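This report describes the fold of one protein chain, from its overall form down to single residues. Please look at the sequence and the structure before reading on.

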Amino acid sequence: MSRVVLGKTGLEVNRLGFGGIPIQRVGERQAVEVVVHAIEQGVDFIDTSRAYTTSERRIGKALAQTDKRVILASKSQSRTADKVRKDLETSLRELNRDYIDIYQAHFVADEQVYTQVISSGGALEGLRKAREEGLIGHIGITSHSLDLMDRVLDDGLFETIMVCFSLLEPKARERVIPKALEKNVGIIAMKPFSGGIIDNAALALKYVLSQPGIAVIAGVEQKGLFDENWEIFQESKELSDSDRKEIEEIRSRHEKAFCRRCDYCQPCTEDIPIQMILGIRSMVRRMGKRILVEGRQVKAIEKARNCIECGECMTRCPYNLPIPDLIKENLQWVDEQLKAL
């Protein structure tokens with residue numbers, strides 16, 4: 001079975017881990033059963049977050065039903081030392097643990113947020129203190145921005161990074177992954193299915209697992225889906241000519257509709273969080289329709305309704321996406337979902 005050491009942490013895990021987002025969408029009994037099943041089959045790395053509502057608690061209940069060793073990672077979007085400490089204490093309580101192997105600064109979107117995290121009194125300071133106290137083992141960071149990850153790796157303040165990597169978002173293979181491997185920083189690849197956009201799970205997993213030196217987290221909420229992924233994980237990772245042809249077809253099909261979350265379109269004149277709106281369908285697939293009425297997406301949707309179609313975002317988008325049209329299409333889709341609730 002293919003394994004990887006997460007850089008300077010020294011933690012060795014099976015390369016296919018378990019992502020904690022989808023288990024929010026189902027009942028607690030099913031969620032716990034899926035996690036236990038994954039562990040029994042051989043998963044020994046699980047990633048979750050304070051932001052994933054019931055995920056930590058359900059993973060904690062699953063861990064209580066097995067004595068197998070699991071490397072556990074969670075995250076916090078808090079930016080100050082005091083607030084990240086509160087989140088960590090909640091994570092420990094929900095997971096029913098007195099120690100978490102990796103705790104990460106979650107969704108560090110840009111330089112401004114990164115500066116908050118690493119400044120005096122910031123989240124990094126709080127996590128270092130927690131590590132000294134033996135509450136966590138290692139400190140990581142997650143971001144959708146490859147530009148920011150370049151700086152993170154130069155600064156050398158974090159032991160692991162989590163980056164988007166899929167056949168629709170392959171650029172980490174060229175830029176961030178080689179640099180992280182050179183600096184012995186652990187690499188966790190998220191969104192191998194691009195938030196559910198890629199239908200061919202086998203090809204999507206095969207693509208990301210063909211990159212050596214990284215761990216991949218794939219979230220599922222059904223035993224059958226997990227078993228499919230686990231079987232793929234144990235097969236050959238070498239891409240065939242037909243695989244490469246299909247990859248190019250998928251890329252071509254989504255080229256003018258898939259947001260890579262680079263945020264070059266920002267700032268928006270109407271303060272619309274464009275990447276959130278363009279990715280709203282993916283978020284609903286992963287987290288459920290409730291986010292349309294009670295999540296942070298609600299304010300984003302209302303702001304998007306104020307789009308004046310000025311076109312400024314399009315002039316900055318390196319992928320030439322028809323952003324105003326995509327915003328309009330996604331708002332129509334949101335309205336259809338809201339009517340069905």
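## Terms and overall form

The model is predicted. The protein has 16 helices and 10 strands. Its radius of gyration is 19 Å, close to the 20 Å given by the globule rule for 341 residues, so the protein is as compact as a globular protein of that length. The C-alpha trace spans about 55 × 50 × 45 Å along its principal axes.

Of the 341 residues, 55% are buried. Among contacts between residues at least 6 apart in sequence, 76% join residues at least 24 apart.

## Surface and charge

The protein exposes about 15,100 Å², and carbon and sulfur atoms supply 46% of this area.

## Helix α2

How many of the nine residues of helix α2 are buried? Seven are, so helix α2, residues 55-63, is largely enclosed by the rest of the structure. The buried residues are Ser 55, Glu 56, Arg 58, Ile 59, Gly 60, Ala 62 and Leu 63. They pack against α1 (28-41), β4 (45-47), β5 (71-76) and α3.

## Helix α16

Helix α16 covers residues 323-340, which is 18 residues. From its first C-alpha to its last, α16 reaches 26 Å, close to the 26 Å expected at 1.5 Å a residue.

The buried residues of α16 include Ile 323, Leu 326, Ile 327, Asn 330, Leu 331, Val 334 and Gln 337. An α-helix has 3.6 residues a turn, so residues three or four places apart point the same way. Pro 324 and Trp 333 are also buried in α16. Against which helices do the buried residues of α16 pack? The partners are α11 (274-278), α12 (280-287), α13 (291-294), α14 (297-304) and α15 (312-316).

Is Asn 229 buried or exposed? This residue lies in helix α9, residues 223-233. Asn 229 has a relative accessible area of 5%, and the cut-off for buried is under 20%, so Asn 229 is buried. Leaving aside neighbours within four places in sequence, Asn 229 is in contact with Leu 16, Phe 193, Ala 201, Leu 205, Ala 218 and Val 220.

Arg 85 belongs to helix α3, residues 81-95. With neighbours within four places in sequence left aside, Arg 85 is in contact with Ala 130, Glu 133 and Leu 135. Arg 85 and Asp 101 are 16 residues apart in sequence, and their C-alpha atoms are 15 Å apart in space.

## Backbone details in loops

Most residues other than glycine have a negative phi, and most peptide bonds are trans. Asn 184 is not a glycine, but has a positive phi of about 60 degrees. Asn 184 sits in the loop between α7 (176-182) and β9 (186-190), and it is partly exposed at 40% relative accessibility.

Asp 263, in the loop between α10 and α11, also has a positive phi, near 65 degrees. Its relative accessibility of 27% counts as partly exposed. Pro 267 is placed in the loop between α10 (241-254) and α11. The bond that joins Gln 266 and Pro 267 is a cis peptide bond, with omega about 5 degrees.

Methods. Residues are numbered from 1 along each chain as its sequence is written. This is a predicted model: local features need pLDDT of at least 70, side-chain atom pairs count only at pLDDT 80 or more; totals for chains, interfaces and linings use all residues. Side-chain values use heavy atoms; hydrogens and water are left out. Helices (H or I, at least four residues) and strands (E, at least two) are DSSP runs, numbered from the N terminus. The radius of gyration is taken over C-alpha atoms; the globule rule is 2.2 Å times the number of residues to the power 0.38. Buried means under 20% relative accessible area, exposed over 50%, partly exposed in between (1.4 Å probe, protein chains only). Contact means heavy atoms within 4.5 Å. Accessible areas come from the Shrake-Rupley method with a 1.4 Å probe; for residues, only the protein chains shown count as cover. The expected span of a helix is 1.5 Å times one less than its number of residues.
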